[in-house]
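Subject: Structure for you to look at

Hello,

Here is the structure I said I would pass on. Please open it and keep it in view as you read my notes below.

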Amino acid sequence: MAKNYHRAAPVSLDVPLISNQEIWMNIALIKQYHENMPRIQAEKFVLNALQRLDLAHIAYKRNPALTDEERFVVLLLRAAMVKDALIIIDRPFKIIPHLKNSNSILQALKKIDDFYTTCHIYDYKWMEEKYGAL
Amino acid sequence: MSRDLKVGLFIVGTTIIILAALLYLANEKGLFANTYVFTLSSKSGDGLTEGMPVVFSGFDIGKVSTLELNDKGMVLIKIKIAQRHVKWIKADSAFILYRPLIGAARIVVTTNNLNSPPLPEDKIVAMETVNDINDAIKKVQPLLEKITQIAENLERLSNNLSDPKGDLNRILSNAQIITKTLSSKKSFLEMAVADEESVQSIYEALKKVKDIVTKIDKMADKMDKQLYGKEGTLPNINQILKDIAGKLQKLDKTVDNINKISTDTSDGMKDFRMLRSDIDDTVNAIDDVAKKLDDLISSKKDPEFKLP
Amino acid sequence: MNVLENIGRLGVKTVKSFLDTISFAFKVICRMFQYRSYNSAMRMVLINQIYFTSVQILPVFLIVSIVLGSLLIGIAFQLLKQLGLTDYFGNVLMGLIVTELSPFFTVLFITLRSASAINTEMAVMKVNGEMKTLETFRIDVINYLLLPRIINGVISLVLLSSLFSIVLMVSGILFSWLIFGMSTDVYINILLNSAKFFDMVIALIKCAVFGFFITLIPIRFGLRASREFTSIPIAVSGGMVNVFTAIIIIEVLSFLIKLF
């Protein structure tokens, strides 16, 4: 992990979205800052990514306006923007408390699997059954 | 209009306005103008400062850029003149450091002949100084001396005036005495003499003088009559003088005869006796006339003047 | 003894705080001149900041400039006429109003509007843990958050102050004609004769320094907030007091520089 620190991309409530920026800016920030992607290109890229997850409509909203699922997806997408991302999902059911199982999480990961390299989900042992045969 | 465009317009627009204003100011101040540097010399750097304006016909055409001393101790003044004003600087231009009583000092350029060749930049021109302050001091100094003298005199006068034993105070006190005395005396004369008896004597004397004058008047009238009246002395004298004149005419004839006698001496001797007796007669007649005159004059009574 | 100790402690704290601010300012200035500080994200934040600070309020700012500027000019000219000092109106206009009052009013305007907002924003971000987010994703806080805001402060203050001065001078044409019966040519001539390059440069530098510190100090105090929401007002009030102190210090320093 220490060697691949620069690839670590956490998805956690402890790493919140920037509340005074729009969702697309939160997601595009990584590309713009690290890869110096121009704003317009970054915006287009993010909108396409959101489109894949059928969430293009939330691009210009801000963090407090999102639902828990939307917030999770945005956090995931932001993490996926890191180059050769090693996504680390920290307690996803804390982010989406009412979720019954991990299906929607896995579906979302599947839709953007070309954005990241690996994904690790960390949770409490007693949450094991929510993950099923994962 | 996108946000980026608005921001870009704002930054670019405002920057252009600021730069334009600064460039305009710089241009008007002559920052971009070519300048020519001329060197002036002066014995003293007194009153000279860097940045002092150089003025031609009341307009600023340049300024003093540097001041330095040369090896001979002369002050070298380098003036910068803008290109558009360098045409006023000619070889025969005069440079004068003018230090007015009121206002800042400046270097005044005067050019009498604008057709003269331009002043070369490497030539060092001597600068004169016109010092309003020194000239004013020179003019004012004699005046100040006079004023000082007047002030001293005034001081002396005021000391005198304020001194109780001074002239004016004494005059005033005497005048006081005089007026006091006058107020208590009957007449001015009494006050002057301060003695009633003397005053009385003066009055009597004046009265007598009046009488004398009246007498003199009368005597003068009489004298007038005696001298100028019909039977007066002067008409008689006139008459006598006429007689004398007649007699003298006769004497003339006698003298002629004497001349005749001088050629006929012998014959003349008889005539000489006759002549002599004629002369004797004439002289006696004149004597008589003179006596009569004396009698006439001495017959008039001399006025007498008697004084008390 | 306690009193002396307290005074000493306060003095040490003040000096330490002052030195921290200066060293932080120095760090920021160094980053300002590094090419790698300027990436797409940073530029976007910078543009947004300039937009919200200057462009968005431009119409209001121009109206306030015209009203306030006209008021200042009118009062100054009227007073000069009454005192028989009409010869000095050029010096008063350029030396006092344009180079001193213009930057001062602009800095007050920006401080009340933008500096307080920046201060609050930083404090809230700190409380929300958003600073941690940036650190987690290896986004330099100075480069991404601080630098755009500070550069925005410098640019906005210089440009807005200059606009204020220009509006003042233009309204001066009207008032000089009304009060002194002066033509535009004569007015411009007087302005040119009274304008000193050095004073104007000092005024521009002063605006830049103002802009630098009225954004730096609120950011520093905002970043001092803890994880509790109650620390936000403390951070904001402390920041704003220090901003006004900095304004006074900068004014005094610029005055001293002009003197010597």
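One cut-off first: a residue counts as buried when its relative accessible area is under 20%, and as exposed when that area is over 50%. Please also keep in mind that this is a predicted model.

Now use the cut-off. Is B:His85 buried or exposed? Its relative accessibility is 16%, so B:His85 counts as buried. Look for B:His85 in the loop of chain B that runs between strand E4 (75-82) and strand E5 (94-99). Leaving aside residues up to four places away in sequence, B:His85 touches B:Asp60 and B:Ile61.

**Chain B**

Chain B has seven helices and eight strands. The chain holds 308 residues, and 19% of them are buried. Take the contacts in chain B with a separation of 6 or more: 56% of these link residues 24 or more positions apart. The accessible surface of chain B is about 22,800 Å². Carbon and sulfur atoms account for 57% of that surface.

**Chain C**

Chain C has nine helices and zero strands. Its pattern along the sequence reads α-α-α-α-α-α-α-α-α. Of its 260 residues, 52% count as buried. Now take the contacts in chain C between residues at least 6 apart in sequence: 85% join residues at least 24 apart. Chain C exposes about 12,500 Å², with 73% of this supplied by carbon and sulfur atoms.

The size of an interface is often given as the accessible area lost when the parts come together. How much area do chain C and chain A bury between them? The figure is about 2,000 Å², and 58% of it lies on carbon and sulfur atoms. Three residues stand out: C:Met44, C:Phe137 and C:Arg138 supply 35% of the area that chain C buries against chain A, more than any other three residues.

In terms of contacts, 24 residues of chain C meet 28 residues of chain A. On the chain C side, the elements that give two or more residues are helix H2 (40-55), helix H4 (89-128), helix H5 (130-136) and helix H6 (141-180). The residues on that side divide into eight nonpolar, eight polar and eight charged.

Best wishes

Key: Residues numbered from 1 in each chain as written. Chains lettered and ligands numbered in written order. Predicted model: local features only at pLDDT ≥ 70, side-chain atom pairs only at ≥ 80, totals over all residues. Heavy atoms only, no water. Helix = DSSP H or I, 4+ residues; strand = E, 2+ residues; numbered from the N terminus. Buried < 20%, exposed > 50% of the residue type's maximum accessible area, 1.4 Å probe, protein only. Contact = heavy atoms within 4.5 Å. Areas by Shrake-Rupley, 256 points an atom, 1.4 Å probe, with all protein chains shown as cover. Buried area = accessible area lost by both parts, 1.4 Å probe. Nonpolar A, V, L, I, M, F, W, Y, C, P; charged D, E, K, R; others polar.
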